Amino acid sequence: MPRVLLIEDDEAVREGLSLALTYQGHTVDAVRTGEEGLELLGSVTPDVVVLDLMLPGVDGFEVCRRIRAGGDLPIIMLTARNDDIDVVAGLEAGADDYVAKPAQARVLEARIRAVLRRSTASVAEVVAERHGDLTIDREGLVVTRFGRPVSLAPTELRLLLELSSSPGRVMSRQQLLSSVWDQGYLGDSRLVDACVQRLRSKIEDDPAAPVYVQTVRGFGYRFGPL
């Protein structure tokens, strides 16, 4: 069953979510601080991290950045406030999704299942595609640039696969939320914008003047034309 690393300093919240996720069939490793979570990652391999932003010591933003710098592990952040600054900062730090506190166990479980589906989803196409200096292998789920692998988080990869499947086609944020995050997903369009920014930083020569993932003002995003 999926293994969850829960990093939450509030004891009542930590114990409540641990019990609920365990009841749903997850193996849960729960720790109080960011330092403990980062240390535990050296000895266990979770499928997803559920991370509180407001941690003592090393805060959740820095923990998120360190986890993302080390790999593509899916991250869901918990935020005590549905605050624009917190949400955007967390997404820009590398989180794949967020849940506002008080976090309902069923909502968190749905988000966990969604990010895990995105990280393991299979793609039907079998031929590697060339787009300028970018090569996308849809079967192997590998992206290279100038022949070198590009490390993408699961959501970033799914977003790139979705946009590049129809070069030149404009997709709205809501379309991307539905197709990349989850079917019928009622989420925040900032998830899309933050993910686009992270993706551009990895595949574009100049993220401020993107060639691959382009903004169509008032409508959404498109891939190319190159």
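Trainee: Let's begin at the sheet: which residue in E9 stands opposite Arg 145?

Mentor: It's Arg 148: that residue in E9 stands opposite Arg 145. Before we go on, keep in mind that this is a predicted model, where local features need pLDDT of at least 70, side-chain atom pairs count only at pLDDT 80 or more, and totals for chains, interfaces and linings use all residues. Residues are numbered from 1 along each chain as its sequence is written, and side-chain values use heavy atoms, with hydrogens and water left out.

Now step back from that pair of arginines. Strand E8 covers residues 142–145, and two bridges join it to E9, the two running antiparallel. (Two strands pair if DSSP finds at least two bridges between them; helices, H or I with at least four residues, and strands, E with at least two, are DSSP runs numbered from the N terminus.) In general, strands of a sheet pair through backbone hydrogen bonds, either parallel or antiparallel. Here four strands make an open sheet in the order E6-E7-E8-E9, with antiparallel pairing. At the edges sit E6 (129–131) and E9 (148–149), each pairing on one side only.

What lies across this sheet? Helix H6, residues 154–164, lies across E6, E7 (134–137) and E8, and runs at about 100° to E7. Among the buried ones are Pro 154, Thr 155, Leu 157 and Leu 163.

H6 also has a helix partner, H8. That helix spans residues 189–203, and its 15 residues reach 21 Å from first C-alpha to last, close to the 21 Å expected at 1.5 Å a residue. (The expected span is 1.5 Å times one less than the number of residues.) H6 and H8 pack at an angle of about 85°, with axes 10 Å apart. That makes H6 roughly perpendicular to H8; the label covers 65 to 115 degrees, while under 35 is roughly parallel, over 145 roughly antiparallel and the rest oblique.

Where do the two helices touch? Thr 155, Glu 156, Leu 159 and Leu 160 in H6 meet Cys 195, Val 196, Arg 198, Leu 199, Lys 202 and Ile 203 in H8, where contact means heavy atoms within 4.5 Å.

Look at Glu 156 and Lys 202 in particular. They form a salt bridge, with the closest N and O atoms 2.7 Å apart; by rule, that takes a side-chain nitrogen of Lys or Arg within 4 Å of a carboxyl oxygen of Asp or Glu. The pair links distant parts of the chain, with Glu 156 in H6 and Lys 202 in H8, 46 residues apart. Glu 156 counts as buried at 0% relative accessibility, whereas Lys 202, at 26%, counts as partly exposed.

Technical notes: Axes are lines fitted to C-alpha atoms, for helices over the stretch in contact, and angles run from 0 to 180 degrees between N-to-C directions. Buried means under 20% relative accessible area, exposed over 50%, partly exposed in between (1.4 Å probe, protein chains only).
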